[in-house]
Amino acid sequence: MKGRAKCACACKAPAAYIWSGPTLLTCSLRHSFPIGGDTMSVTSGVVSRIEVTSYVHGAAELLAIQIDAAINSGNSGGPAFNSKGECVGIAFQSLKHEDAENIGYVIPTPVMEHFINDYERNGQYTAFPALGIEWQKMESPFMRTALGMQADQKGVLIRRVEPTAPVSKSLKKGDILLSFDGVDIANDGTVPFRSGERISFNYLVSKKYTNEEAVLRVLSSGKAESMTVKLAQPVRLIPVHTKGRPPSYFIIAGLVFGQVSVPYLRSEYGKEYDFDAPVKLLDSMMHAMADKPDQQVVVLCQVSDYTPFSLSAFMRVGDQAMCGKALFFKTASDTLVCDSLGSCMYSKVGFADQQGLALC
């Protein structure tokens, strides 16, 4: 076969989505002050992967550079340079696993530029927008046939739509997302990235700004149609950050209730909260979706020694107060109370004129 091999995919990403950052196997130098000494440390590594990765500190999926240089405590925030001395990103996290070694991640310059531009536009950080859907790959030809897709159609299946997302008015479960802003989405959820490379279509979403619009092409009930939707900051049932504000709480009849957030879970259950916290709370953190923007998950944080006897007896489990029980507020009156064993009961919560708590 003569000549150079060409990419089998004929579609191309718009120039606005193409990034001319470091390529695979190029050298990267990191400068920082990690543990083990007092002076600056310079570490060399090779770019081994560039893809959309989960950011631990923000619970967002954004573009990241994977390098084989170790990233330890103190490396975070240190710049990464290429062989020309150009800054290509900032070191920020690493993979800690018994079967993995020297897997570090760098925040690339497009993510940093997005943050700076967002602040210049709005005077504050408004976060990276999200489409507000949970999707599934469509690599199975039998699944595509069963859902009415034509042979030349590709895309991903929408499994859930966040009720608080603007797209909830346009998309529904079972729709098939074919393209985003004119870029065709493959059956594995990827789009063209650079020459010979593909990346998750979430990268296209992350390039947008909050309240910007995007054009989607969707296959709904066997009919392909285009629609314009607004992108917004995701609303999380259990927020990742409190945005610098002190935690909210409510005290009544000697009972202290507080909102569940990731900082709360970390303070109550330690750094390994994602293993030690109650399963019900972890399930809500990772999978639950808010029905409305102001919905919260509330727990009983503390029971005062001066709580009325009837209430303290009701809330007592063994010798300890029932702290950490989740109260999932669905409406103003209906509340689901779950204990640490996972069993639940429905109850009504009302407030008397004397600010008493009525459980019935």
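Modeller: Exposed means over 50% relative accessible area, buried under 20%, and partly exposed in between (1.4 Å probe, protein chains only). The model is predicted, so local features need pLDDT of at least 70 and side-chain atom pairs pLDDT 80 or more, while totals for chains, interfaces and linings use all residues. Residues are numbered from 1 along each chain as its sequence is written, and side-chain values use heavy atoms, without hydrogens and water.

Colleague: Which residues of α6 are buried?

Modeller: In α6, residues 279-286, they are Leu281, Leu282 and Ser284. They share one side of α6 because their arc around the axis is only 160 degrees. The arc is taken from the directions from the helix axis to the C-beta atoms. Helices (H or I, at least four residues) and strands (E, at least two) are DSSP runs numbered from the N terminus.

Colleague: What are the buried residues of α4?

Modeller: Helix α4 spans residues 262-269, and Val262, Tyr264 and Leu265 are its buried residues. Their arc of only 155 degrees places them on the same side of α4. They pack against β16 (255-259), α5 (273-276), α6 and β17 (297-303); contact means heavy atoms within 4.5 Å. After α4 comes Gly270, with a positive phi near 85 degrees.

Colleague: Now a strand residue. Is Gln93 buried or exposed?

Modeller: Gln93, in strand β5 (residues 87-94), is buried at a relative accessible area of 9%. A polar atom of its side chain lies 3.1 Å from the backbone nitrogen of Val56. A polar contact is a pair of N or O atoms within 3.5 Å; within protein, one must be able to donate a hydrogen and the other to accept it, and residues adjacent in sequence count only if both atoms are side-chain atoms. Leaving out residues up to four places away in sequence, Gln93 touches several residues, including Thr53, Ile71 and Tyr105.

Colleague: Where does Thr53 lie, and what is it in contact with?

Modeller: Thr53 lies in strand β2 (residues 41-55) and is buried, with a relative accessible area of 12%. Apart from neighbours within four places in sequence, its contacts are Ala60, Glu61, Leu62, Ala64, Gln93 and Tyr105.
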